[in-house]
Each structure stands twice: as structure tokens, then as C-alpha cells.
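Please open the structure in a viewer and keep the selection tool at hand.

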Amino acid sequence: MELTILLLLALLTGLWVLLARGRPKAHGRLPPGPRPLPFLGNLLQMDRKGLLKSFLRFQQKYGDVFTVYLGPRPVVIICGTEAIREALVDQAEAFSGRAKIAVIDPIVHGYDVVFATGERWKALRRFSLATTRDFGMGKRSVEERIQEEAQCLVEELRKTPGALQDPVFYFHSITANICSIVFGKRFDYRDPEFLRLLDLFFQSFVLISSLSSQVFELYPSFLKYFPGSHRQIYKNLQEINVFIGRSVEKHRETLDPNAPQDFIDCYLLRMEKDKSDPQSHFDHQNLIMSVLSLFFAGTETTSTTLRYGFLLMLKYPHIAVFPLMNWRRKWQPTAVFLPGESCGQRSLVGCCQ
Ligand code: HEM
């Protein structure tokens, strides 16, 4: 009995401490917004059908710029083209920072081109832009890589004429291969290492977008002590980083300073050039994280765009046929199905030869 009372007291004290710690601090200069509750912020005022609806409701009441508390964390929302233009274009420098994503922060730690801020971000961005542009226009252009990859895809599709195909795997593979401008080589669609890499990438994306990761985003300092998707994401990204580390070592062995072959080669040369500069942002950690980010930023976005493009072409076939006819090539129908479609509903898309 005494133990139960003690436990209850401990629980209540814990809850009280949490509420007291979670009480939103007074942020005098933040834009107006709905009144937050301690620990929960404005969560109870949010529409369960999606945040967007709630934000539009708040916009009507508080104007184009307002503050909502997602848990204890204040978030300033900017709505409407004028307000967005004013912030992101007219005051681009002030708004150039990027918020942390709690589930990946333990891996990223502010390194890399996507999540770095300030001078580090500027240096890495300038370098990444120049390097990827060089490879686009240089010896082995991106267009050539795309053509080579398209050819490999067509050959792969030819192996299973008329058979049911899930194009998602191919979209992942081809975009990862095109983005392999960072690694300098394409991978075979059946290479076990490549398949593992893709699996880790896309599994992590699903986990990062999951409900449990979104809840983690609200209370990371508390939930990090418990099991959950954040731990799996950490493990996955670590494994990818080990792969990138191995690739960097191979690049070191084969590096020809007069003929850098890819992003990693260029980065290693820059590290060498900057080695006596203690202020340089070009170190090993930033290299690993920048490669991870470029690969992440490039593959998911491009493969999702392709997936939606295909989906729209399947929905509106008269639009799909038009560009194919314009290419004046032979059009061979191939059965495919997209996520959410059952095999019975499969659709036909063209395979250009
Ligand atoms: C259809 C394809 C793509 C879409 C829709 C897309 C979309 C975006 C968006 C919305 C951002 C955020 C911009 C911002 O916060 O200012 C972004 C940033 C970024 N993207 Fe893409 N992207 C695509 C392809 C790629 C590719 C192929 C790469 C590289 C191989 C790439 C690398 C990056 C990087 C490095 C950033 C961060 C830039 C920075 O913080 O300075 N993206 N992308």
C-alpha cells in the first residue's frame, strides 16, 4: 500500500516537473497566436485532419504571420505569397537558416550542406554548387549519365516483356544512380550493396515521415530515452555513413589530383588545399555528411517526382502518349502497377526503345 502511494507521488511529481519545464517561455517579440498550454502548446487546438487546416484557421484570426506552439516549441508560420516573398526573398539572409530535425540531428550535428548554417553553410553550398555544375558541364556530363541510366532501365524492362512491374524500385535505382555523381560510379540494379543502400535510404525516409517521428519532434529531449523510430533512423544513417566512409577511403587510394572524377575527389582535393587553414569547413565529417545529404536530397525528391509524373500520365493517358509520339520512337506497352493499385487495376505505360 505504502509503495503504491510512493509510486503515485513519484509519478505526480514527475508529471509536475514535466509540466513546469514544458511551460512555454514568454517570447516577447514573437508574432501573436493562439494561447498555448504548458507542455502541450497548441496541440489540442490543431485539426486532426491535418495541420494545414488549422494554420489556415489561425491565419484568418491572426494574419499572415503568427506563432503556434507545437508542444513546448514555438514555431512561426508564414502564410501567403506576399509574406513568404518578403521573408525568403527580400530578407533572404535573415531567413537562410534551417531548423533542426530532431530525429536526424544526432547524426547530422549541424555538419553538411543541407543542415549547416552561417559561414559553414555558405562555404559548403558554394563548393557543392560549383562542383556539381562542373560535373554537369564537364568531361562526363549529367546528360550522358541520364542517357546511360535510361538505356540500362530499358534493357532491364526488356527482360520481362509484358510482365507486371513495380516501377518504384526502378525509380529509386535510377535516381540513386544519377545522383551517384557523388560516388563516381553507377551500381547494377542487382548489386547487393546497392540494394542494401537503397533499402536503408528509403526505409529511413518512411520512418522520418512517420507519426512516431513527428511526435518525437515535439518532445525530443524526453523521448530520446525511449525506444522508437529515432533509434532505427540513427542506426540506418550510421550504416550508410560507414558505406560512404569506405567509399571515401577507396577514393583516397585512386585520387588523381589532375583528373578528379566526382564530388568526393573534388572534396578531397579541397581538403588537401585547406589543410593548413584551421578555419576551413572542409573536413572529413563535413565530407561524409555532405555526401549523405546530396544523395538523400537528390534521390527521394527525384524518384517521387517521377512516381507522380507516371501516376499522372497513367491517369491522363492522352497526355502521356503525346510526348512519346513526339519522340518518334517505337512504343511498347509495359504493364506496371503503382503503390495503392492492385494487380488487377494495373495500367499500361510506354517503354521507349
Ligand atoms: C525533383 C527533384 C528535386 C526537388 C523537388 C527538390 C526540392 C528541394 C527543396 C524544396 C529544397 C529546399 C530549398 C530550401 O530550403 O531553400 C531543396 C534543397 C536542396 N536540394 Fe533539392 N530537390 C530536387 C533534386 C535535388 C537533387 C538532384 C539534388 C542533388 C543531387 C538536390 C540537392 C539539394 C540540396 C543540397 C539542398 C539544400 C540546399 C541548401 O540548403 O543550400 N536536390 N531541394
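This is a predicted model: local features need pLDDT of at least 70, side-chain atom pairs count only at pLDDT 80 or more; totals for chains, interfaces and linings use all residues.

Residues are numbered from 1 along each chain as its sequence is written, and side-chain values use heavy atoms, with hydrogens and water left out.

**The ligand**

Select the ligand and then the residues around it: Arg98, Val113, Val114, Trp121, Arg125, Leu294, Ala297, Gly298, Thr301, Thr302 and Thr305. A residue belongs here if one of its heavy atoms lies within 4 Å of the molecule. By class, this shell has five nonpolar, four polar and two charged residues; Ala, Val, Leu, Ile, Met, Phe, Trp, Tyr, Cys and Pro count as nonpolar, Asp, Glu, Lys and Arg as charged, and the others, Gly among them, as polar.

Next, colour helix 5 (118–137) and helix 13 (284–315), each of which supplies at least two residues of the shell. Helices (H or I, at least four residues) and strands (E, at least two) are DSSP runs, numbered from the N terminus. Helix 13 provides the largest share of the shell, six residues.

Now display the polar contacts, pairs of N or O atoms within 3.5 Å. An oxygen atom of the ligand lies 2.4 Å from an N or O atom in the side chain of Arg125. For Arg98, a polar side-chain atom is 2.8 Å from an oxygen atom of the ligand, and for Trp121 the corresponding distance to an oxygen atom of the ligand is 2.9 Å.

**The largest pocket**

Move to Leu51, Leu70, Arg73, Val75 and Glu217, which are the closest to the centre of the largest pocket among the 32 residues that line it. The lining divides into 22 nonpolar, five polar and five charged residues. Select strand 2 (73–78), helix 3 (81–90) and helix 9 (211–218), each of which supplies at least two lining residues; helix 9 gives the most, with six.

Finally, select Phe171 in helix 7 (residues 167–178) and Phe310 in helix 13, which are 139 residues apart and link distant parts of the chain. Their ring centres are 4.9 Å apart and their planes stand at 70°, so the pair is edge-to-face. Rings of Phe, Tyr and Trp (its six-membered ring) pair if their centres lie within 6.5 Å; planes under 30 degrees apart count as stacked, over 60 as edge-to-face and the rest as tilted.

Notes: A polar contact is a pair of N or O atoms within 3.5 Å; within protein, one must be able to donate a hydrogen and the other to accept it, and residues adjacent in sequence count only if both atoms are side-chain atoms. On a 1 Å grid over the protein atoms alone, a cavity is a set of points where a 1.4 Å probe fits but cannot get out, and a pocket is an open set with protein on both sides within 12 Å along at least five of seven lines; lining residues have an atom within 4 Å of a point.
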